[in-house]
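Please open the structure in a viewer and keep the selection panel at hand. Each stop of this tour names what to select next and then describes what is there.

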Amino acid sequence: MLNFISLGSGSSGNCYYLYTETEGLLIDAGVGIRTLKKHFREYGLSLARIQNVLITHDHADHVKSVGSLSRDYGLPIYATHRVHVGIEKNYCVRCKVSPDRLKLVEKDVTFHLGSFTITPFNVPHDSLDNVGYEVKCGDITFCLLTDVGEVTEEIKPFIREANYLVIEANHDIEMLSGGSYPRYLKDRILGKTGHLSNLECAEALAQNATAKLRHVWLCHLSEENNHPELAKKTVEQTLRSYGIVAGKDFQLEVLKRKSPTGVYELK
């Protein structure tokens with residue numbers, strides 16, 4: 001049985017956990033160690049159950065605890081070379097990855113960690129580098145796609161292959177455009193190396209979802225420029241215009257920004 005928990009999804013910290021009875025895989029470590037330990041205890045879990053950590057990119061809200069996990073818990077940290085360089089240079093990451101725990105991944109090169117088969121793939125974002133991850137375990141294909149400037153042709157096949165998908169729906173375009181952010185920040189978010197809007201997320205799903213898809217979670221919502229209800233409604237309405245009914249064709253939920261979800265059993 002493969003299980004999934006989101007431990008935080010947004011600019012305050014991103015962290016996702018996939019685990020079986022014997023193996024644990026953390027994707028991103030943007031939540032503080034104390035908070036992470038607290039959440040794990042609440043689920044009757046222990047950080048000792050984590051065996052490996054995958055990192056998408058080097059921004060602080062994805063790597064805050066990565067050094068502590070490597071040094072205090074002896075966990076190997078998997079990321080591209082450029083992401084590791086970015087972590088080393090990031091002044092927000094005070095505790096750096098232990099050199100003997102640093103592991104390299106390459107885009108489009110599949111590798112194995114126990115029962116998990118993992119493929120990193122390129123995702124455009126204004127970090128030093130950024131990847132999404134496809135994780136296969138048995139017959140299940142899980143895909144995480146966050147901090148996405150645009151859904152490229154390279155990304156689309158991974159959406160089509162997914163049984164379970166975490167995908168960014170960062171902002172509502174009208175809220176962002178009419179909001180208080182300075183022009184340069186609005187342009188950054190709206191650019192092709194920025195973040196995915198609700199509508200762009202919806203179109204990506206509508207155009208690439210297949211009968212394989214069972215559950216979608218919308219992630220990394222902006223606190224200022226989005227609302228969970230608005231994100232879900234926008235995606236649902238767009239899907240319906242393509243003849244796809246959320247809740248029938250596949251389940252659709254919004255991940256909480258600052259608190260964990262329940263445990264999802266991925267069957």
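Contact, in this tour, means heavy atoms within 4.5 Å. This is a predicted model, in which local features need pLDDT of at least 70 and side-chain atom pairs count only at pLDDT 80 or more, while totals for chains, interfaces and linings use all residues. Residues are numbered from 1 along each chain as its sequence is written, and side-chain values use heavy atoms, with hydrogens and water left out.

**First stop: N130**

Select N130, in the loop between β8 (116-122) and β9 (131-137). Helices (H or I, at least four residues) and strands (E, at least two) are DSSP runs, numbered from the N terminus. Is N130 buried or exposed? N130 counts as buried because its relative accessibility is 1%; buried means under 20% relative accessible area, exposed over 50%, and partly exposed in between (1.4 Å probe, protein chains only). Now display the surroundings: leaving out residues up to four places away in sequence, N130 touches T56, H57, V83, K107, F121, N122, V123, H125, T146 and D147. With D147 the side chain of N130 makes a polar contact, reaching the backbone oxygen at 2.9 Å. A polar contact is a pair of N or O atoms within 3.5 Å; within protein, one must be able to donate a hydrogen and the other to accept it, and residues adjacent in sequence count only if both atoms are side-chain atoms.

**Second stop: S65**

Next select S65, in the loop between α2 (60-63) and α3 (66-72). S65 counts as buried because its relative accessibility is 3%. Beyond four places in sequence, S65 touches A29, V31, G32 and I33. Two of these contacts are polar: the side chain of S65 reaches the backbone oxygen of V31 at 2.3 Å, and a polar atom of that side chain lies 3.3 Å from the backbone nitrogen of I33.

Move to N163, in the loop between α5 and β11. Here too the residue counts as buried, because the relative accessibility of N163 is 7%. The side chain of N163 reaches the backbone nitrogen of T141 at 2.8 Å. Apart from neighbours within four places in sequence, the contacts of N163 include D139, I140, K212 and H215.

A nonpolar core is a set of buried Ala, Val, Leu, Ile, Met, Phe, Trp, Tyr and Cys residues joined through side-chain atoms within 4.5 Å. Select L165, I167, L205, V216 and L218, which touch the most other members among the 29 residues of the largest core. Elements giving two or more residues to this core include β10 (140-145), α8 (198-208) and α9 (228-241). Which element gives the most? It is α8, with five residues. The buried residues of α8 are N198, C201, A202, A204, L205, A206 and N208, and their cover includes α5, β11, β12 and α9.

**Last stop: the largest pocket**

Finally, select S11, N170, R188, H195 and H220, which lie nearest the centre of the largest pocket among its 18 lining residues. A pocket, on a 1 Å grid over the protein atoms alone, is an open set of points where a 1.4 Å probe fits, with protein on both sides within 12 Å along at least five of seven lines; lining residues have an atom within 4 Å of a point. Helix α7 (residues 183-190) gives the most to this lining, with three residues.
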